[in-house]
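Please keep the structure open beside them.

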Amino acid sequence: PTQSTWGTPLMARAALFDASSTFASRVCGMAAPLARAFRAEVSGRDPSLFFAHMFETLEGVCASVAPGARVGIIYGSAMREFAKLGDTSPETAEIVVALISDTLDIDSKWMTFVRHDCDAADAVFAALYKFCPPWL
């Protein structure tokens, strides 16, 4: 997986997918344990291991419902992208998740984007709705 440096506003990147006629999207609140862990990792030490572990978990969930799909994940706050792993290109990705952290659990969001031509779109949205990794 590839990882970016700190930079682009995450909401601007997410808007690329949201405005695209190629993707369907769903937004939900991030599960509270995930929101707290995300904030703790980002505010303290190097969060790259947390990001990699979350990406591997997401890949596994997606592979169980949409085998072979190209998956990407973007981490950040509304104003700043922290990292991206996997395929996060609007031209080639099939499933992209944006995790948007906020100071309050209730304002932390999970955005899922699935390409319209993905036969397993409903299963992907169901599997990822309010998803919280079992290791948290």
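1. Two strands are said to pair if DSSP finds at least two bridges between them, and the elements themselves are DSSP runs numbered from the N terminus, helices being H or I with at least four residues and strands E with at least two. This is a predicted model, in which local features need pLDDT of at least 70 and side-chain atom pairs count only at pLDDT 80 or more, while totals for chains, interfaces and linings use all residues. Residues are numbered from 1 along each chain as its sequence is written, and side-chain values use heavy atoms, with hydrogens and water left out.

2. Strand β2 (residues 71-77) runs antiparallel to β3, and five bridges join the two. Within this pairing, Tyr 75 has Ala 83 as its bridge partner in β3, and the hairpin that joins β2 to β3 passes through three residues.

3. Asp 87 lies in the loop between β3 (81-86) and β4 (95-101). With a relative accessible area of 16%, Asp 87 is buried, a word that means under 20% (1.4 Å probe, protein chains only). Leaving aside residues up to four places away in sequence, Asp 87 touches Arg 70, Val 71, Gly 72, Thr 92, Ala 93, Ile 95 and Val 96, where contact means heavy atoms within 4.5 Å.

4. In the helical part, Leu 34, Ala 37, Phe 38, Glu 41 and Val 42 of α2 meet Phe 50, Phe 51 and Met 54 of α3. The residues of this contact divide into seven nonpolar, no polar and one charged, where Ala, Val, Leu, Ile, Met, Phe, Trp, Tyr, Cys and Pro count as nonpolar, Asp, Glu, Lys and Arg as charged, and the others, Gly among them, as polar.

Definitions and conventions: Buried means under 20% relative accessible area, exposed over 50%, partly exposed in between (1.4 Å probe, protein chains only).
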